[in-house]
Amino acid sequence: MPSFLLSSTLVPLLLGTVAVHPAWSATSGGGSGAASDGADTGVSVRVARLYEDSATVTRQYDTGRQEAQKQRAIAGRDDQLLTREHGLISALHQDLGRMARAQYRQSGGLPYSAQTLLPDSAKELIASQSTFARLDLAVANAVIRSRLAEAGLAAERAQASARWRALQKRNGELVARKQALEAKLEQARWALQSQANASAASGTCRAAVRLDLPGRRAGHPWIAPVEAYRLSAGFGSGGDHWSHGHTGQDFAVPIGTPVRAVGSGQVVRVKCGGAFGMEVVIRHPGGYCTQYAHLAAVTVGPGDRVTTGQLIAQSGTTGNSTGPHLHFEVRSTPEWGSGIDPVPWLAAHGVRLSVPR
């Protein structure tokens with residue numbers, strides 16, 4: 001089922017205790033008994049842990065980037081307000097200058113005390129001087145308020161700039177950490193895929209790795225099988241990798257991406273080998289079945305009951321696959337050949353996929 005190689009997509013995964021599911025045998029349709037060892041289990045757990053660490057760093061980086069943008073916006077706003085305050089203070093000083101010149105002209109250039117000795121002009125001088133004094137006081141108070149506002153804005157701007165620089169430094173450190181984690185994750189992915197390829201080639205599935213994780217909280221009884229995906233080959237599309245048209249919907253995701261049950265049900269098949277590589281089939285209430293194929297690891301066994309959002313596998317590129325992706329089918333029976341288009345089926349169950357335009 002063809003797909004395309006997709007760059008790392010970081011998906012949060014909260015890890016709990018780890019145990020290994022008891023050995024099981026595949027149900028009808030092929031397969032053989034399970035085989036497992038500590039190294040196999042360790043790679044699956046390592047991939048899951050690296051996904052968790054990478055997701056945590058990504059969330060921290062996104063939060064820090066948003067906060068840095070906020071602090072930068074505050075500093076920019078304060079710059080604009082400071083410019084306005086500077087203009088206001090300049091205008092107030094000009095008003096004070098004009099008032100002083102007007103007062104000087106009004107008084108004729110004589111000292112105020114001398115002019116008050118002139119009976120004819122005494123009342124006018126008192127009135128004019130009182131008016132100028134009130135205006136002078138009002139403008140002076142306005143200057144003081146503006147100066148205080150300017151000082152407050154300058155302090156806030158300095159704090160916002162300091163916080164922005166600190167956040168930029170921290171984000172740079174997070175980027176470096178994220179890159180280091182992604183490099184380790186890429187190595188772990190291909191180690192996991194190498195083990196999956198060996199299982200698929202031998203037709204012997206490794207035992208399910210019980211990560212014992214809480215299911216993804218779903219506010220709906222149905223969800224998409226993976227997060228942060230890109231849809232590739234759709235149902236019924238043609239290609240060299242299938243003879244009668246594509247029987248499912250492909251989700252392009254990196255190796256090791258958590259694969260979750262789209263709804264509650266019971267596992268009726270876990271199989272390795274063949275065109276689908278490593279696969280899981282779940283029967284849901286109402287009779288429909290969902291298939292998850294080209295996996296790199298499974299976390300459930302036949303007969304297990306699963307809930308919506310429960311982790312059931314890690315994606316891969318086993319079987320007839322041209323690159324890492326999840327092949328997802330909806331069937332009227334557990335068997336191949338009974339498939340229907342998954343996209344409208346999911347939509348009818350309230351799950352609308354992000355279809356590229």
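What is the handedness of the disulfide of Cys205 and Cys272, and what is the torsion about its S-S bond? The torsion about that bond is about 125°, so the disulfide is right-handed. The model examined here is a predicted one, in which local features need pLDDT of at least 70 and side-chain atom pairs count only at pLDDT 80 or more, while totals for chains, interfaces and linings use all residues. Residues are numbered from 1 along each chain as its sequence is written, and side-chain values use heavy atoms, with hydrogens and water left out.

Of its 357 residues, 45% are buried, where buried means under 20% relative accessible area, exposed means over 50%, and partly exposed lies in between (1.4 Å probe, protein chains only). The chain exposes about 17,500 Å², and carbon and sulfur atoms supply 56% of this area, as computed by the Shrake-Rupley method with a 1.4 Å probe, only the protein chains shown counting as cover for residues. Among the contacts in the chain with a separation of 6 or more, 75% are between residues 24 or more positions apart, a contact being defined by heavy atoms within 4.5 Å.

The largest nonpolar core has 46 residues, of which Val280, Tyr292, Leu295 and Ile312 touch the most other members; such a core is a set of buried Ala, Val, Leu, Ile, Met, Phe, Trp, Tyr and Cys residues joined through side-chain atoms within 4.5 Å. The elements that each supply at least two residues of this core include helix H1 (38-106), strand E8 (289-298) and helix H4 (342-348). Helix H3 gives the most to this core, with six residues. When its neighbours within four places in sequence are left aside, Leu295 is in contact with several residues, among them Ala196, Val259, Val280, Ala313 and Leu326.

Strand E7 (278-283) has five of its six residues buried, so this strand is largely enclosed by the rest of the structure. On one side of the pairing scheme, E6 and E7 pair in the antiparallel sense over five bridges, pairing being assigned if DSSP finds at least two bridges between two strands. Within this pair, Val270 stands opposite Val280 in E7, and in the hairpin of the two strands, which has six residues between them, Gly273 takes a positive phi near 95°. Strand E7 is also joined to E8 by five bridges, and these strands run antiparallel, with Leu295 in E8 as the bridge partner of Met278. The hairpin of E7 and E8 has five residues between the strands, and there Gly286 takes a positive phi near 100°.

The structure holds one disulfide, the term denoting a pair of cysteine sulfur atoms within 2.5 Å. In the disulfide of Cys205 and Cys272, the sulfur atoms are 2.0 Å apart. The pair links distant parts of the chain, since Cys205 is in the loop between H3 and strand E2 (209-210) and Cys272 is in the loop between E6 and E7, 67 residues apart. Cys205 counts as buried at 2% relative accessibility, and Cys272 counts as buried at 4%.

A search of the whole structure finds four salt bridges, each being a side-chain nitrogen of Lys or Arg within 4 Å of a carboxyl oxygen of Asp or Glu. In general, side chains of opposite charge can pair when their charged atoms come close. One of the salt bridges is formed by Glu186 and Arg189, whose closest N and O atoms are 2.6 Å apart; because these residues are three residues apart in helix H3, they are separated by about one helical turn. Glu186 counts as partly exposed at 34% relative accessibility, whereas Arg189 is buried, with a relative accessible area of 2%. The side chains of Arg269 and Glu335 also meet in a salt bridge (2.9 Å, N to O), and this pair links distant parts of the chain, with Arg269 in strand E6 and Glu335 in the loop between E11 and strand E12 (339-340), 66 residues apart. Arg269 is buried, with a relative accessible area of 5%, whereas Glu335 counts as partly exposed at 36%.

Note on methods
Helix = DSSP H or I, 4+ residues; strand = E, 2+ residues; numbered from the N terminus.
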